Every structure is written in structure tokens, then in C-alpha cells.
Amino acid sequence: MAETESTEQDGTRRDFIFISAGIMTAVGAGAAVWPLIDQMNPDATAQALASIEVDLDPIQEGQAITVMWRGKPIFIRNRTAEEIEEAKTVEVAALPDEAARILGEISQVPATDQNRTLGGENENWLVLVGICTHLGCIPKGQRLGDTKGEYNGWFCPCHGSHYDTSGRIRKGPAPENMAVPPYSFTSPTKITIG
């Protein structure tokens with residue numbers, strides 16, 4: 001009988017040792033693999049650029065600024081009444097690209113000026129991804145003295161793409177309108193992009 005008890009205790013002890021060894025192996029493997037998994041997460045600078053806040057108060061009517069968001073230049077223009085009127089009078093059917101090109105939108109709405117801005121009392125603010133849709137150049141028209149092209153918006157001198165005061169392609173090889181990033185007003189003078 002003593003021999004049977006000893007065998008049962010050995011079996012129980014052996015099972016405990018195997019289970020403990022298995023658990024310790026799993027914990028050790030997890031500890032070894034975790035740094036590899038963790039390094040795939042975006043760093044703090046990338047997370048910080050997921051959205052940015054921009055103060056619009058210093059931008060006078062007719063002026064434009066460029067900010068960076070997710071490594072892309074973002075054009076923000078405080079349009080004049082004339083620029084807004086120019087943009088509103090354009091027939092969407094006359095545009096080479098009739099889609100508004102709002103980033104994050106699944107379905108494309110027509111490229112009216114109202115759809116490309118937040119409209120209403122904020123229709124003077126135009127926010128665009130400042131990249132020519134032909135080959136990824138940065139169009140001119142942001143700085144004072146820059147040529148704004150034939151439609152008073154932006155002009156890409158690399159291949160001659162002309163954009164209007166709503167950032168829509170009007171002439172040249174660019175296939176699409178400049179994209180509108182996701183943005184919202186957090187106060188009357190501040191926007192959050194992203």
C-alpha cells in the first residue's frame with residue numbers, strides 16, 4: 001500500500017512540475033515576444049499628429065497659412081467675399097472632377113463650394129490637403145506674390161494644373177480636386193484637423 005501512495009504522490013508531483021514548467025515557458029515566451037509587438041505601435045510623435053488644433057484668429061481675410069498634418073501640408077485660406085462668390089458660381093458639371101474629395105467620406109458628394117467647406121458662417125474658411133493630385137507637387141498660391149493660376153486659387157507649375165478658389169481642378173493634367181481633410185470648429189477661431 002505504501003508503494004501505491006508513493007506512486008500516486010510522484011504522479012501528482014510530476015503533473016505539478018510539468019504544469020508549472022509549461023506556465024513558466026509561456027510567460028517567458030510572452031516576455032520575449034512583447035518588445036517585438038510593442039515596437040510596432042506608433043510612437044508619440046505619430047500619435048500627436050493624429051489631430052492638430054489650429055488658431056485661425058491671426059489669419060486676416062485674403063491670407064493663407066500652411067500647417068503640417070500627418071506629414072502633409074494643409075492649406076488654410078481665409079477667403080475674401082470675391083473668392084467665395086467665384087467658387088459658388090462654378091457649375092459642378094463643368095468641372096473635370098465632380099467629386100468633393102472629402103477624406104474619410106465613403107461616398108463622394110458633388111464638388112460644390114458648400115460641400116468643400118463647412119458652409120454657413122464659416123464658408124470663408126477653406127481647408128485643403130495642399131498636394132497637387134497629378135504627381136504630388138506642392139501648388140503655388142499660398143504666399144503673397146505667388147501666382148495663383150488662371151482661376152485665382154492655386155497653380156502647380158510643374159505640369160500646369162490650375163485650381164480654383166475652392167481647390168477644385170479646373171485646367172491641366174491633375175485628375176482630381178485637392179482633398180479636404182476631416183476638420184471641425186472647436187470655437188469660432190479654432191479648428192481641429194483629424
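**Reading a predicted fold, pair by pair**

Guide: Let's start with Asp164, which is buried, with a relative accessible area of 2%. Buried means under 20%, exposed over 50% and partly exposed in between (1.4 Å probe, protein chains only). This is a predicted model, where local features need pLDDT of at least 70, side-chain atom pairs count only at pLDDT 80 or more, and totals for chains, interfaces and linings use all residues. Residues are numbered from 1 along each chain as its sequence is written, and side-chain values use heavy atoms, leaving out hydrogens and water.

Visitor: Which side chain does Asp164 meet in a salt bridge?

Guide: A salt bridge is a side-chain nitrogen of Lys or Arg within 4 Å of a carboxyl oxygen of Asp or Glu. Here Asp164 meets Arg170, at 3.4 Å from N to O. Arg170 counts as partly exposed, at 24% relative accessibility.

Visitor: How many salt bridges does a search of the whole structure find?

Guide: Nine. One of them joins Arg77 to Glu83, with the closest N and O atoms 3.4 Å apart. Arg77 counts as buried because its relative accessibility is 1%, and Glu83 is buried too, at 4%.

Visitor: Which residues are linked in a network of salt bridges?

Guide: Asp97, Arg101 and Glu176. Within it, the side chains of Arg101 and Glu176 meet at 3.8 Å, N to O. Arg101 lies in the loop between α3 (81-88) and α4, and Glu176 in the loop between β7 (169-171) and β8, so this pair ties together parts that are 75 residues apart in sequence. Those labels count DSSP runs from the N terminus: helices are H or I with at least four residues, strands are E with at least two. Arg101 is partly exposed at 22%, and so is Glu176, at 32%.

Visitor: Now rings. How many aromatic pairs does the count come to?

Guide: Rings of Phe, Tyr and Trp (its six-membered ring) pair if their centres lie within 6.5 Å; planes under 30 degrees apart are stacked, over 60 edge-to-face, and the rest tilted. The count here comes to one. Phe75 and Trp154 are stacked, 5.9 Å centre to centre with 15° between the planes. Phe75 sits in strand β3 (residues 72-78) and Trp154 in strand β5 (residues 152-156), so the pair ties together parts 79 residues apart in sequence.

Visitor: Is Thr117 buried or exposed?

Guide: Buried, because its relative accessibility is 6%. The Thr117 side chain also reaches the backbone nitrogen of Gly119 at 3.2 Å.

Conventions:
Polar contact = N/O pair within 3.5 Å; in protein donor to acceptor, adjacent residues only side chain to side chain.
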